[in-house]
Amino acid sequence: MKKGFVFDLDGVITDTAKYHYIAWKNLADKIGISIDLEFNEQLKGISRMDSLNRILAHGGKENDFTEAEKAELAAKKNTEYVALLQGLTEKDLLPGVAEFLAEAQKLKVPSAIASASKNAPFILEKLGVAADFVGIVDPNTLKKGKPDPEIFIRAAEILNIQPEEAIGFEDAPAGIEGIKKAGMFAVGVLASEPLTGADITVHRLDELSIPDLLKK
Ligand code: BG6
Ligand code: MG
């Protein structure tokens, strides 16, 4: 019997990937690197600095900046990203999320957030769902990012359950890999193509029956 839920944020609870893309594209343009939506797929689920490093490598500029300059570039991107998030409201929850979280609350199944985003607390407040989560793993405290299972194991600790008792929700291949390495049941969300390794894939969370899911 499963006892709790562990959610990725970007692409599962809300679609912030478009805002990450706008902010990264503007920054990349300024330093003479061209990125497109297809390339942006690679940035899903990975940390801010890992994203910057991938963009620099994509443009052949991985050795052109000092660590301090890279920190400045990442901060600049984040300032623009946070400005784009100001208008978020509960209308920006992905379809089916509000219904699923309300049902989980009704059935007293606890949920935690396992997101690489340092902006997760702010985003959950804006979306009006912060109170639906027992806690959020602080990505600043992690040794390794996804696909390492650390973030998911820490989320199970927050829920006070074993990883095997948790169900993880993810939209990115790196996240599904981390969920499976942690020993959790993996639900792949919103994938246009099946997410390799996911135990099941859905387009919206309210396709799922929570009582059935807990029996997995
Ligand atoms: C993940 C996103 O959730 O968070 C990535 O999928 C993003 O695209 C990462 O880079 C870090 O986010 P932030 O808000 O800390 O820059
Ligand atoms: Mg995601």
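What you see is a predicted model. Keep that in mind throughout.

First, the chain as a whole. The secondary structure comes to nine helices and six strands. The C-alpha trace spans about 50 × 35 × 30 Å along its principal axes. How does the radius of gyration fit a compact globule? For 216 residues, the globule rule gives a value near 17 Å. The protein chain has 17 Å, so the two agree.

Now the inside. Of the 216 residues, 48% are buried.

The chain exposes about 10,500 Å². Carbon and sulfur atoms supply 51% of that area. On charge, there are 26 positive and 34 negative side chains. The centres of the two sets lie 2 Å apart.

β1 has two pairings to show. One is with β4, residues 166-170. The sense is parallel, over four bridges. Here Gly4 stands opposite Ala166. The other pairing is with β2, residues 111-113. That is also parallel, and it runs over three bridges. In β2, Val6 has Ala112 as its bridge partner. Take Gly4 and Val6 together, then. Gly4 is placed opposite a residue of β4, and Val6 is bridged to a residue of β2.

Last stop, Ile33. Where does it sit? Ile33 is in the loop between α1, 17-30, and α2, 37-40. It is a loop residue, but look at its accessibility. Ile33 has 3% relative accessibility. The cut-off for buried is under 20%, so Ile33 counts as buried.

What is Ile33 in contact with, leaving aside neighbours within four places in sequence? The list is Ala28, Ile55, Leu56, His58, Gly59 and Lys61. Ala28 belongs to the α1 range, 17-30.

One distance to finish. Take Ile33 and Gly87. They are 54 residues apart in sequence. In space, C-alpha to C-alpha, Ile33 and Gly87 are 28 Å apart.

That's the tour. Again, this is a predicted model. Over to you.

How values were computed:
Residues are numbered from 1 along each chain as its sequence is written. Chains are lettered from A and ligands numbered from 1 in the order in which they are written. This is a predicted model: local features need pLDDT of at least 70, side-chain atom pairs count only at pLDDT 80 or more; totals for chains, interfaces and linings use all residues. Side-chain values use heavy atoms; hydrogens and water are left out. Two strands pair if DSSP finds at least two bridges between them. The radius of gyration is taken over C-alpha atoms; the globule rule is 2.2 Å times the number of residues to the power 0.38. Buried means under 20% relative accessible area, exposed over 50%, partly exposed in between (1.4 Å probe, protein chains only). Accessible areas come from the Shrake-Rupley method with a 1.4 Å probe; for residues, only the protein chains shown count as cover. Lys and Arg count as positive and Asp and Glu as negative; His and the chain ends are not counted. The place of a charge is taken as NZ of Lys, CZ of Arg, CG of Asp or CD of Glu. Contact means heavy atoms within 4.5 Å.
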